[in-house]
Amino acid sequence: MKLQYLAHACFMITTDAKTKIVIDPWLDQNPLAPIKSKDIKADYIILSHAHGDHCGDTLKITHPETTIIAVSELASYFKTQAVKTHAMQIGGSFEFEFGTAKLVSAQHGSMTFDGRYGGLAAGIILEIGGITLYHMGDTGLFGDLKLIGEMYEIDYLMIPIGGNYTMGPQDAALAAKWLEPRLAIPMHFNTFPQIRQNPLDFYDLCEAEGVAVKILEPGEELLLKAREE
Ligand code: NI
Ligand code: MN
């Protein structure tokens, strides 16, 4: 299984069965994106919330069998004849063909670009082939992250560090300490001026807490491995 960073909050997971799962597709207007929407088709698209920088290219990367997974309000926004949608809510999990997806809290807003309510913003926990991934979406720091850290053995954590709209490096390092992932991967930084950060600041703060960090360049792929018992 591999994870590719497509810049900002967009990641593509390719499972061992070659299923392509894209989280938060936003490529065409993203100055850091290594590819454009025409270059990929996803079997599953999972959306953390309704903001354009997380779901702007959703319908452009679908094929007739694609399933869009999101909270009910956002799933219904994307409901068309052309795609399948799977509505969920915070706290719920569902076993898909690729593995299990659960939506958890994120402290953030969620409105579509045309002003419709997008439901609650979410984080996404995926359990695929014995590997646990947690994409935090856009979020500020909140105490229940400690609970999530206790409940899950997180292997790969995709964590926003850009500040302004989400946690900055300091808060993100505290969240990473609580969540104890095997590897933390910073996201949602340097895409636009308001979220300019040096990811090495996050790296250093995490290192002091004993949390390993991998800073992925846009387009870079990471081979995902299950924990050794
Ligand atoms: Ni947002
Ligand atoms: Mn965002």
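The site of the nickel ion (ligand 1) in this predicted model is irregular, with angles of 88 to 179 degrees among its 4 donor atoms. Under the rule applied here, four donors count as tetrahedral if all angles lie between 85 and 135 degrees, four count as square planar and six as octahedral if opposite donors are over 155 degrees apart and all others between 65 and 115, and anything else is irregular. The protein donors of the nickel ion (ligand 1) are H49 (NE2), H51 (ND1), H108 (NE2) and D138 (OD), which lie 2.2 to 2.3 Å from the metal. Donors are N, O and S atoms within 2.8 Å of the metal (3.2 Å for Na, K and Ca), and water is not among the atoms, so sites may look incomplete. Along the chain, the donor residues of the nickel ion (ligand 1) follow the spacing H-x1-H-x56-H-x29-D. H49 lies in the loop between strand 4 (44–46) and helix 1 (52–55), and H108 in the loop between strand 8 (99–105) and strand 9 (122–128), so the pair ties together parts that are 59 residues apart in sequence. Helices (H or I, at least four residues) and strands (E, at least two) are DSSP runs, numbered from the N terminus. H49 is buried, with a relative accessible area of 1%, whereas H108, at 23% relative accessibility, counts as partly exposed. For these terms, buried means under 20% relative accessible area, exposed over 50%, and partly exposed in between (1.4 Å probe, protein chains only).

Residues are numbered from 1 along each chain as its sequence is written, while chains are lettered from A and ligands numbered from 1 in the order in which they are written. Because the model is predicted, local features need pLDDT of at least 70 and side-chain atom pairs count only at pLDDT 80 or more, totals for chains, interfaces and linings use all residues, and side-chain values use heavy atoms, with hydrogens and water left out.

The manganese ion (ligand 2) is coordinated at 2.2 Å by D53 (OD), H54 (NE2), D138 (OD) and H188 (NE2), and its donors are spaced D-H-x83-D-x49-H along the chain. The two metals lie 3.2 Å apart and are bridged by D138. D138 is placed in the loop between strand 10 (131–135) and helix 3 (144–151), and H188 in the loop between strand 12 (183–187) and helix 5 (199–208), so this pair ties together parts that are 50 residues apart in sequence. Both D138 and H188 are buried.

In helix 5, the buried residues P199, F202 and C206 cover an arc of only 55 degrees around the axis, which puts them on the same side of the helix; the arc is that of the directions from the helix axis to the C-beta atoms. The face turned away from the buried side of helix 5 carries the exposed residues E207 and A208. The cover over the buried residues of helix 5 includes strand 11 (156–160), helix 4 (169–179) and strand 12. At the N-terminal end, helix 5 is capped by N198, of which a side-chain oxygen lies 2.9 Å from the backbone nitrogen of L200. Such a polar contact is a pair of N or O atoms within 3.5 Å; within protein, one must be able to donate a hydrogen and the other to accept it, and residues adjacent in sequence count only if both atoms are side-chain atoms. Helix 5 is followed by G210, whose phi is positive, near 75 degrees.

Helix 4 has P169, A172, A173, A175, A176 and L179 as its buried residues, and these cover an arc of only 160 degrees around the axis, which puts them on the same side of helix 4. Among the elements covering them are strand 10, helix 3, strand 11 and helix 5.

T66 is situated in the loop between helix 1 and strand 5 (67–71) and is buried, with a relative accessible area of 0%. A polar atom of the T66 side chain lies 2.7 Å from the backbone oxygen of A42.

Technical notes
Contact = heavy atoms within 4.5 Å.
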